[in-house]
Amino acid sequence: MQGHKNKKMSLKKAWLLIVLILIIDQWSKIYIKTNFIYDEEHKVLGLEWFRIKFVENDGMAFGMTLPTQYGKLILTLFRIGVVIGIGYWLWDSFRKKASNYLTVAIACIIAGALGNIIDSVFYGVIFDHSYGQTATLFSDKPYGTWFHGYVVDMLYFPLFEIPLSEGKTFRFFSAIFNVADVAISTGVGILIVFNKRAFRKPVHD
């Protein structure tokens, strides 16, 4: 990614990456909402370890939940503030000619955060519920209110199960997540794995 200085990613390309991730994320969520009933599950290509399972959560990553509606509102507003801050970080990184590792990582994190914010802000007022039915987009009987929509998750990779006592099993990996979560994890992963390259001081003429 680093390459020669004239191969630096432009700010326009970074935003195009963000838009591309958002399109994939929102398309997948809208498709699931309008074609799956809540908790419906299908194997991909007949594989046991790769499945599509439709669930929703209050807005935390990887299927975690929040205790109250106030907690969800606070989380959504907090995320919006964080995205604004990270957006400034992206702009400042280009201004300072930061590495492509850093700018790609920031772009992925922004896209993922925005993807889940869209669910939280809008889905409660544009969809009806998914329990026992497929949801309708732009329904006249929405299931929630502004800032209180549920985040749609569908990617499920139960890699293997370990038998426990009394007929119980431990399943790894049991989290269900979405494209936005993948984007955030990818961005954070780049910052961790390529830390030295990501935060390398730019070389000036």
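1. Contacts along the chain. Residues 24 or more positions apart account for 64% of the contacts with a separation of 6 or more, a contact being heavy atoms within 4.5 Å. The model is predicted: local features need pLDDT of at least 70 and side-chain atom pairs pLDDT 80 or more, while totals for chains, interfaces and linings use all residues. Residues are numbered from 1 along each chain as its sequence is written, and side-chain values use heavy atoms, with hydrogens and water left out.

2. Elements. The chain holds five helices and six strands. Their order from the N terminus is α-β-β-α-α-β-β-β-β-α-α. Both kinds are DSSP runs numbered from the N terminus: helices are H or I with at least four residues, strands are E with at least two.

3. Burial and surface. The chain has 205 residues, and 40% of them count as buried. Buried means under 20% relative accessible area, exposed means over 50%, and partly exposed lies in between (1.4 Å probe, protein chains only).

4. Helix 4. Does the span of helix 4 (residues 179-193) agree or disagree with its 15 residues? At 1.5 Å a residue it should span 21 Å, and its end C-alpha atoms are 20 Å apart, which agrees. The expected span is 1.5 Å times one less than the number of residues. At the N-terminal end, Asn178 is the cap, with a side-chain oxygen 3.0 Å from the backbone nitrogen of Ala180. Ala180 is also one of the buried residues of helix 4, which include Asp181, Gly187 and Leu191.

5. The second largest pocket. Its volume is about 160 Å³. Ten residues line the pocket, and Trp89, Ser93, Lys96, Ala98 and Leu102 lie nearest its centre. Helix 2 (residues 69-95) gives the most to this lining, with three residues.

6. Two residues with positive phi. Most residues other than glycine have a negative phi. Leu45 is not a glycine, yet its phi is positive, about 55 degrees. Leu45 sits in the loop between strand 1 (41-43) and strand 2 (51-57), and counts as exposed because its relative accessibility is 79%. Phe147, also not a glycine, has a positive phi of about 70 degrees. The loop that holds Phe147 runs between helix 3 (100-126) and strand 3 (151-156). Phe147 counts as partly exposed, at 27% relative accessibility.

Methods:
A polar contact is a pair of N or O atoms within 3.5 Å; within protein, one must be able to donate a hydrogen and the other to accept it, and residues adjacent in sequence count only if both atoms are side-chain atoms. On a 1 Å grid over the protein atoms alone, a cavity is a set of points where a 1.4 Å probe fits but cannot get out, and a pocket is an open set with protein on both sides within 12 Å along at least five of seven lines; lining residues have an atom within 4 Å of a point. Grid points are joined across faces, edges and corners, and a volume is the space filled by probe spheres set on the points.
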